[in-house]
Amino acid sequence: MDTSFTPPATADKREFYALLAEQTRALLQGERDWLANLSQFSALVYGALGEVNWAGFYMVRGQELVLGPFQGKVACVRIPFARGVCGACAREQTVQIVPDVHAFPGHIACDADSRSELVLPVRVRGQLCAVFDIDSPRPGRFDAEDAVGLAAMLTVLIDATEWP
C-alpha cells in the first residue's frame with residue numbers, strides 16, 4: 001500500500017481520472033471477456049489509487065452479491081442486499097460514499113483496517129449486474145470527484161465487455 005499518496009486537488013483529480021479512463025480503454029482493447037476485464041480493471045484501480053486496501057466487484061445473484069474479481073485481502077463472499085454499504089448500493093442502485101464505515105448502519109467488517117468506502121453500481125443494458133467496491137484504511141478517503149472519475153472508468157469497462 002502506498003501510504004505516501006496525497007489525493008490530487010479537484011482539477012488534478014479530473015485529469016488523473018481522465019488519464020485512468022484512457023488507460024482502461026487501452027488495457028481492455030481487443031478483449032471482451034467479462035472475467036478478464038473485471039480482473040484487469042480491479043488491478044488497475046488498486047494499483048493506481050493510493051491509500052486503498054481493497055478494490056473489486058461483487059456480482060448480483062438474485063437478492064445478494066457474490067464476490068467477483070478483486071485485489072486486496074480476502075473478502076466477504078456473499079452480501080445480502082439488506083446489509084452493508086455494498087448491499088445499500090445494490091438495493092438503492094446509487095453511489096455510496098462512506099467517510100466512516102463504523103458510522104454506517106449495518107456495515108459489514110470484512111477487513112478491520114477499512115475505515116472509508118466507495119461503492120458504485122454497475123448497470124449493463126439498464127440492469128444492475130454488479131457493484132464496484134473500494135475500501136481505504138483512511139477515514140474520508142473518497143469524495144464525489146472520485147465517484148465521478150470511477151464512474152467514467154466503469155463506463156469504459158461496460159462498453160468494452162461482453163457481459164454474461
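**View 1. Phe132 sits in strand β6 of this predicted model**. The strand covers residues 127–136 (strands are DSSP runs of E, at least two residues, and helices are runs of H or I, at least four, numbered from the N terminus). Phe132 counts as buried because its relative accessibility is 0% (buried is under 20%, with a 1.4 Å probe and protein chains only). Beyond its neighbours within four places in sequence, Phe132 is in contact with residues including Phe41, Val45, Phe57, Leu118 and Leu150 (contact: heavy atoms within 4.5 Å).

**View 2. Phe57, Phe132 and Leu150 in the largest nonpolar core**. Out of 31 residues here, these three touch the most other members (a nonpolar core is a set of buried Ala, Val, Leu, Ile, Met, Phe, Trp, Tyr and Cys residues joined through side-chain atoms within 4.5 Å). Helix α4 supplies the largest share, eight residues. Another core, of 20 residues, lies apart from it, with Val60 and Cys89 among them.

**View 3. Glu51 in the loop between α2 and β1**. With 13% relative accessibility, Glu51 counts as buried. Its side chain makes a polar contact with that of Arg138, at 2.7 Å (a pair of N or O atoms within 3.5 Å; within protein, one must be able to donate a hydrogen and the other to accept it, and residues adjacent in sequence count only if both atoms are side-chain atoms).

**Notes on the views.** Residues are numbered from 1 along each chain as its sequence is written, and side-chain values use heavy atoms, leaving out hydrogens and water. Local features need pLDDT of at least 70, side-chain atom pairs count only at pLDDT 80 or more, and totals for chains, interfaces and linings use all residues.

Notes
Buried means under 20% relative accessible area, exposed over 50%, partly exposed in between (1.4 Å probe, protein chains only).
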